[in-house]
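Please read the numbered points alongside the display.

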Amino acid sequence: MLSAAHHSTAQQVDVVIIGAGIAGLSAARHLTSSGVKVSVLEAAPRVGGRMATDEVDGFRLDRGGQLLTTSYPELLRTPGLDGVGLRKFSPGVLVHSDGRNYRTGAVGSARSALTVARALASAPRPPLGGAVDQARLGAALGRLAATPTRRLLARPERTALEALSARGLPARTVNAFVRPLLSALLCDPGLGTSSRCADLALHAFARGRMFVMAGGAAALPELLARTLPEGTVQTDVCVTDASISGVTTKEHGEIGCRALVLATGARAAAELLPGLRVPDFHPRTVVHHTAPEPPMNEPALLLDADGGGPVAYTAVMSAVDPSRAPAGRTLISSTLLGTPPPADGLDRSVRAHLAKLYGTPTDDWELLAVHHDPEAVPAMPPPHDPRRPVRLLSGLYVCGDHRDTSTVQGALFSGRRAAHAILRDLGVRPEYETVSLPAVA
Ligand SMILES: Cc1cc2nc3c(=O)[nH]c(=O)nc-3n(C[C@H](O)[C@H](O)[C@H](O)COP(=O)(O)OP(=O)(O)OC[C@H]3O[C@@H](n4cnc5c(N)ncnc54)[C@H](O)[C@@H]3O)c2cc1C
């Protein structure tokens, strides 16, 4: 909990950052590149927070299964990302609707969004209505892709569900494509999220390609940590008490600082600094299976629009990123939104649903792992401020996805905003940036 106590300690740095998730690491990167001495204290034995990957029998299993897009500007600024490799899904998505799988075509720019309509119109039995409906969908996505984010954020705000029914798209198009896609992108099956955040998510989808990090989600925070001077991050250090002038840790006593950043995630931040808002959260469950044969060879994201089981979307991850499975083995990763089925029947109901989605028996599939996170992402109901203040007062800052949008992009950007505010308060000219930050990246 935040105390007013003054820490006079042997250890002293310019800035202490509590938490080595991607927000804290992003702040640390921007501060250290401007010559500020930083100490990042992380309670867990590894960096990354919610971007975690476990190694199990040679499989690399994400706990979160984050879907990233090439149109997240903050993500693409990460140095060395290209070298690590982005493993892209095939363009667009596959949608399981009326018991069949349909490709929604390539989406990568305003113009190519129109190919969604063409691809759907040429499907043997288009799931989303006739050619006129397809053209409307393509035009809507194309317009969204071409709209600047500041204009999207100036639109009237309501829930995503309310906004969808007012967009002039046929109910069938909404139910068979837009709704399952948005639910997956927002981690929100009820679509109670702010319509502005929903527009940002669709905008990012329509402008970019979805991908995962080669080797697992943990590769991103590991990459960020490698950009920091040696010794900047200390893992296995839990902060129990904090003030503007320093922190108390379980393991190493007190560390003094000129500025403090809480980069812990919303709930832990409110424990250290009572009064900080704790949002509601959306749960998410990721289930990993291996199968004797891949049920599909394509590196595609398969969305369920029929609601015929607990799985919201699934992919043959060993096809998307072969480094996630031992040679010749298959990894299928599936995501459930909301409250999952009871643990004792979960694998059975997930495999029954996957049998429908992939159109193949799954009796001989083997469960590798289940990860449930009841607080996977902070909810963003309207009104949602996607640029909540990161500077509470001079010397005290807070960052993380709960100060921005509940995404990898939002977490990274909040870290940069916090670093920017600290540099201004310390009177240091940013090495990396001399212009004002945009309202939303
Ligand atoms: C299951 C799941 C699926 C997701 N899917 C997507 C997706 O598809 N697309 C997308 O863009 N985003 C997705 N996200 C969200 C994204 O992962 C998060 O927004 C982002 O990782 C949050 O980063 P952060 O740094 O703000 O917080 P965190 O990752 O939570 O980092 C906070 C860190 O602070 C540490 N900490 C806490 N308390 C203390 C203390 N007292 N002392 C020291 N350290 C402390 C924690 O151990 C942790 O490492 C998903 C998240 C989950 C969980």
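1. In this predicted model, S90 makes contacts beyond its neighbours within four places in sequence: these partners are R103, R209, E298, P299 and A300. S90 itself belongs to the loop that runs between β6 (86–88) and β7 (94–97). Its relative accessible area is 13%; S90 is therefore classed as buried, the limit being under 20%.

2. The largest nonpolar core holds 45 residues. Those touching the most other members are F89, V93, F177, V178, L182 and L301. Helix α8 (residues 171–186) supplies the largest share of this core, namely 7 residues. As a general remark, nonpolar side chains tend to be buried together in soluble globular proteins.

3. The position of this core follows from its membership. Residues are given to it by both domain 2 (53–89 + 212–217 + 281–378) and domain 3 (94–208), so the core lies between these two domains.

4. Once its neighbours within four places in sequence are set aside, L301 is in contact with L67, F89, V93, L94, M210, Y313, T314 and A315. Two of these partners, F89 and V93, are listed together with L301 among the residues that touch the most other core members. A further core, of 42 residues, lies apart from the one described above; V47, L68, A219 and C399 are among its members.

5. Helix α1 (residues 22–32) packs with helix α10 (residues 219–226) at an angle of about 25°, the axes being 9 Å apart. Because angles under 35 degrees count as roughly parallel, α1 and α10 are roughly parallel to each other. Their crossing is left-handed. On the α1 side the contact involves I22, L25 and R29, and on the α10 side L220, P221, L224 and A225.

6. Helix α1 also meets helix α14 (residues 408–426), where the axes come within 7 Å and cross at roughly 40°. At this angle α1 is therefore oblique to α14. The crossing of α1 and α14 is right-handed, whereas that of α1 and α10 is left-handed.

7. Which residues of α1 meet α14? They are I22, A23, S26, A27, H30 and L31. From α14, the residues taking part are V408, A411, L412, S414, G415, R416, A419, I422 and L423.

Definitions and conventions:
Residues are numbered from 1 along each chain as its sequence is written. This is a predicted model: local features need pLDDT of at least 70, side-chain atom pairs count only at pLDDT 80 or more; totals for chains, interfaces and linings use all residues. Side-chain values use heavy atoms; hydrogens and water are left out. A nonpolar core is a set of buried Ala, Val, Leu, Ile, Met, Phe, Trp, Tyr and Cys residues joined through side-chain atoms within 4.5 Å. Buried means under 20% relative accessible area, exposed over 50%, partly exposed in between (1.4 Å probe, protein chains only). Helices (H or I, at least four residues) and strands (E, at least two) are DSSP runs, numbered from the N terminus. Domain bounds come from an automatic or database domain assignment. Contact means heavy atoms within 4.5 Å. Axes are lines fitted to C-alpha atoms, for helices over the stretch in contact, and angles run from 0 to 180 degrees between N-to-C directions. Angles under 35 degrees count as roughly parallel, over 145 as roughly antiparallel, 65 to 115 as roughly perpendicular and the rest as oblique. A crossing is left-handed if the near helix is turned anticlockwise from the far one by less than a right angle, and right-handed if clockwise.
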